[in-house]
Amino acid sequence: MNAALWFLSRATGVASIVLLTAVVVLGVVTSGRRRPHGESATVVMAVHRWLSLGMLSFLTVHIATAVVETYVSIDWISVLVPFTSGYEAFWVGLGTLAVDLLVAVSVTSWLRHRISERAWRAVHYATYALWPMALVHGFVLGTASQAGLRAVTAACGVVGVGAVLWRLLSTHADRTRRDAVLGGEWS
């Protein structure tokens, strides 16, 4: 039973990072002035929301199985308080920080119509920190015998960085924003 929990924890961790990457990439490519309009906006935002919910579901199973399985020592407090795990405290702590930021992003998203756009956006920018933390957490804690899992995590990194670079360097109507970020060198 413990081996099944260990494998389930790894599998749901990889599914979580794949879905998180898809959510982040979708958010990056549809933000700013490139935001879709009309019916396509409804579809894109629905996909973004549903992928987010799917990711949260897989992440919940990942966390629960990581705590319940006994190959390593991760307790429930380590789920909320970073760097308290008895196993690889720093790397598990990065995952915990990512989860804490994800909770903030999720709560403000659920409250989006009750808080200011500025507050929602400020918290939503936390995804630019939580996503790399989750990537590093998954990559480092992936064992050498699971090279395939590490490869998937690395591929997520390449895709996500590509989306962010595209966002910063693309020649869309966001030229003013891009020039502000890059100092006008790329005009």
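## Rings and helices

A search of the whole structure turns up five aromatic pairs; rings of Phe, Tyr and Trp (its six-membered ring) pair if their centres lie within 6.5 Å, with planes under 30 degrees apart counting as stacked, over 60 as edge-to-face and the rest as tilted. Take W6 and Y71: their ring centres are 6.4 Å apart and their planes stand at 85°, so this pair is edge-to-face. It links distant parts of the chain, since W6 sits in helix α1 and Y71 in the loop between α2 and α3 (77-80), 65 residues apart. W6 has 14% relative accessibility and so counts as buried (under 20% relative accessible area is buried, over 50% exposed, in between partly exposed, with a 1.4 Å probe and protein chains only). W6 and Y71 also form one aromatic cluster with F7.

F90 and W91 make another edge-to-face pair, with centres 4.8 Å apart and planes at 80°. Both are partly exposed: F90 has a relative accessible area of 45%, and W91 has 27%.

Before going on, keep in mind that this is a predicted model, where local features need pLDDT of at least 70, side-chain atom pairs count only at pLDDT 80 or more, and totals for chains, interfaces and linings use all residues. Residues are numbered from 1 along each chain as its sequence is written, and side-chain values use heavy atoms, leaving out hydrogens and water.

Now step back to the overall build. The protein has eight helices and zero strands; these are DSSP runs numbered from the N terminus, at least four residues of H or I for a helix and at least two of E for a strand. Of its 187 residues, 37% count as buried.

How do α1 and α7 lie against each other? Helix α1 (residues 2-29) and helix α7 (residues 147-169) have axes that come within 9 Å and cross at roughly 10°. The two are therefore roughly parallel (angles under 35 degrees; over 145 is roughly antiparallel, 65 to 115 roughly perpendicular and the rest oblique).

Finally, have a look at V61, which belongs to helix α2 (residues 38-68). With 33% relative accessibility, V61 counts as partly exposed. Leaving aside residues up to four places away in sequence, V61 touches L8 and T12. V61 and S16 are 45 residues apart in sequence, yet 9.6 Å apart in space, C-alpha to C-alpha.

Technical notes
Axes are lines fitted to C-alpha atoms, for helices over the stretch in contact, and angles run from 0 to 180 degrees between N-to-C directions. Contact means heavy atoms within 4.5 Å.
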